[in-house]
Amino acid sequence: MTVLGLIHTAAALVAAGSVAETLWTGLADRGDALAFGLLVTVGELTRWSDDRARQAAPLGAAGSLSYALLGAVAGRPSQHDAAQVVTVVLVAALLGAVPHIWSGRAPTADHLARRVLTVGFAALCFQPLYNKGVFTAWDGPAYALLLLTLLALTSLSGTALAAALAHCRTGRPFGPLLREEVRGLLGIGSAVVATGAVMALAVAVAGLWALPVFCLPLLLVQLSVRRYAAVRATYRQTIASLARATEIAGCTPAGHARRVAALSVAVGRDLRLTGPELTVLEYAALMHDIGQLSLVDPVPAGATAALPAAEQRRIALLGGAVVRQTGVDPAVADVVERQADPYPEQPLAARIVRAVNAYEEKSRDAGPRGARRALEELRLGTAGDYAPEVVESLARVLAQPRTARERVPVRRPGWSDPAPGWVTHG
C-alpha cells in the first residue's frame, strides 16, 4: 500500500471508530457540541481552494482544535471524549462541504484526512488525561502554555502530514515541500494556533458566548488573505498577458513562454530553489523574450539562442528595460537582463532561463529525436554558454514522466509569499 493509501486508510479508521463509539456511548454536552460544530461548519463554508487545489479553512481549523483542547465551559468540566471531538468535527466538515460539492468544488480526500488525523491527535493527547484529572492542578500560565504546546505539536504533525500528501500527489521531494509548509505555518498557521488556544481558554471562563467574539478576528484575517490571494492571481495573469504579447506580435511561437516557464520551474525545484525564488524564476521565464518587441527586424521563429552573443545581450537588455517599465519587481527584470551573460556571472535563475529557452528552441521542431540532440548540444555548450549543473538538472527533469513535470508551477497564497512589487530574489 502506498503512503497516500496508508494516510487515507488511517483517517478512515479513526473516523469510523470515533463515529461508532460516539453512537454507542451517546453525545455528551450536546450544547457544546452543537456550538463548536456550528463554528466548524461556518469555517468550512468560508473555505477556499488555492491554485494547487489545496483546501484552506483557518476558521474551521481553529474551531476544531479549540474543541479538541476544551476542558471546561464557564467553569463546568466538560464530559466529551476524543472520539466525540473527531465525530463532531467530521460531521461539521461534511455539512460545510455541501455547498462546495453543489457548486462543483468538492472537498478533497486529502483535506478531510488531514483534518481528521490532526484533530484526533490533539484530542487524544488532551482529553483522556484531562478527564482523568491529570491537569487539575494546572492553572494560569502553566495551563495556557500546555495548550500552546499541544497546539504547536499538532500543527507540526499536520505540516508533516500535508507535505507527505503533497509528495504523494506531485512526486516532488519531501524536504522542500516540508519547508514550504513550515513557512506557511509561520503565517496564517500561527494565527490559527493562537486563536484555537484563546478560544479554548475563553470558553472555559466565559462560556460559549466567547466563541463568536474570539473567532471574528480570525474571520477578518481569512477574508484579508483571500483578497491577497486574489491580488496575487490577478498579478500573475497580468504577467502572463504581457508574456503573450510576443506571441500575438508573431515574435515567438504560440505557447513558447508558457513551456519555458513550466520547465524552468521544474528545474528550479530540482535545484532546491525556495518558494520566492521560484516565483521570480517563473515570472522571468514568462517574460524572457519580451525584448523582441523592441526589434525592428524580428528574429526568425523567435530563436534567440542561435544569435551572436552581442545580439542576445542587446535583446536581453531591451527586455529588462521593458519589464522595469511595467512595474514588475526589479528582481524579475534583473533575471531577464542577465539571461545572456556568461553563466559564471549569472544568478541561478538566469542560468536556468537561458538553458531551458535554448532547449525549447532547439527541440520544438526537431522531430522525435530532437529532444535528445538538443540536450546533447546543451551539454557541449557547458564549456562557456550553459551552466553544467543546470543542464544536468534539466536532464533529470526531462527523464521524469511528462505529466509530473508539466504541472502548473504555482504556490500557495499565504503570508510567507512575496507580495506583488517586492518579490525577493536569492
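**Confidence and helix packing**

Tutor: The chain averages a pLDDT (the predictor's confidence in each residue, from 0 to 100) of 82, and 89% of the residues score at least 70. This is a predicted model: local features need pLDDT of at least 70, side-chain atom pairs count only at pLDDT 80 or more, and totals for chains, interfaces and linings use all residues. Residues are numbered from 1 along each chain as its sequence is written, and side-chain values use heavy atoms, with hydrogens and water left out.

Student: In which helix is confidence lowest, and in which is it highest?

Tutor: Helices (H or I, at least four residues) are DSSP runs, numbered from the N terminus. The mean is 50 in helix 16 (residues 402-405) and 93 in helix 1 (residues 3-25).

Student: Over residues 406-426, how many contacts does the model have beyond near neighbours in sequence?

Tutor: The pLDDT of residues 406-426 is below 50. Contact means heavy atoms within 4.5 Å. Beyond near neighbours in sequence, the number of contacts for this stretch is 62.

Student: Which residues does the UniProt annotation "transmembrane region" cover, and how far apart are the end C-alpha atoms of residues 112-130?

Tutor: The UniProt record, an unreviewed entry, gives residues 82-100, 112-130, 142-165 and 185-211; such annotations may be inferred rather than shown by experiment. Residues 82-100 are 100% helix and 0% strand, with end C-alpha atoms 28 Å apart. Residues 112-130 are also 100% helix and 0% strand. Their end C-alpha atoms lie apart by 26 Å.

Student: How do helix 3 and helix 5 lie relative to each other?

Tutor: Axes are lines fitted to C-alpha atoms, for helices over the stretch in contact, and angles run from 0 to 180 degrees between N-to-C directions. Helix 3 (residues 58-68) and helix 5 (residues 109-131) pack at about 25°, with axes 8 Å apart. Angles under 35 degrees count as roughly parallel, over 145 as roughly antiparallel, 65 to 115 as roughly perpendicular and the rest as oblique. Helix 3 and helix 5 are therefore roughly parallel.

Student: What is the orientation of helix 9 to helix 10?

Tutor: The axes of helix 9 (residues 256-270) and helix 10 (residues 275-286) come within 8 Å and cross at roughly 155°. That angle makes helix 9, relative to helix 10, roughly antiparallel.

Student: Which residues of helix 10 make the contact with helix 9?

Tutor: From helix 9, the contact includes Ala 257, Val 260 and Ala 261.

Student: How does helix 13 lie to helix 14?

Tutor: Helix 13 (residues 348-363) and helix 14 (residues 370-380) pack at about 140°, and their axes are 8 Å apart. That makes helix 13, relative to helix 14, oblique.

Notes. Helix = DSSP H or I, 4+ residues; strand = E, 2+ residues; numbered from the N terminus.
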